[in-house]
Amino acid sequence: LFRGFAMPVYPIDGGGAEVSIDCSGGLGKSPVCLDIQVRNIHGLLHINSGGFGGRLHWAVLGPGGEWQAPTMQPDGSAECDAVASSAGLNKDGYVKMTFKP
């Protein structure tokens, strides 16, 4: 992985909300860190308050395009069913997940 490589910002459902992902680490035995932020979610959810509490539900995309459970849970995440995991977003829509080797 590339250290400090910023991923593009992706729109969510055409409602003005977007998600950005920054990945760092992964060289040698260093952990892989994903910094994820959901922005402008208020318009998509039709809420007017400044902060919100939300959860990011995620899974691993397998080689055949199917969703798979992760082989390890990163810090800041927990299993929520047989395949999906969930990580809490802070009031600014941010979560950091650290995958340790």
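Is Trp58 buried or exposed, and what relative accessibility does Trp58 have? In this predicted model, residues are numbered from 1 along each chain as its sequence is written, and local features require pLDDT of at least 70, side-chain atom pairs pLDDT 80 or more, while totals for chains, interfaces and linings use all residues. Side-chain values rest on heavy atoms, with hydrogens and water left out. Trp58 counts as buried, at 14% relative accessibility; the term buried denotes under 20% relative accessible area, exposed over 50% and partly exposed the range in between, with a 1.4 Å probe and protein chains only.

The protein comprises nine strands and one helix, arranged from the N terminus as β-β-β-α-β-β-β-β-β-β. These elements are DSSP runs numbered from the N terminus, helices being H or I of at least four residues and strands E of at least two. Of the 101 residues in the protein, 31% are buried.

One aromatic pair is present in the structure. Trp58 and Phe99 form this pair in an edge-to-face arrangement, with 6.0 Å centre to centre and 80° between the planes. The pair links distant parts of the chain, with Trp58 in strand β4 (residues 54–58) and Phe99 in strand β9, 41 residues apart. Rings of Phe, Tyr and Trp (its six-membered ring) pair if their centres lie within 6.5 Å, and planes under 30 degrees apart count as stacked, over 60 as edge-to-face and the rest as tilted. Phe99 is likewise buried, its relative accessible area being 19%.

Strand β9 (residues 94–99) also holds Thr98, a buried residue with a relative accessible area of 13%. Beyond its neighbours within four places in sequence, Thr98 contacts Pro31, Val32, Cys33, Pro74 and Asp75, a contact meaning heavy atoms within 4.5 Å.
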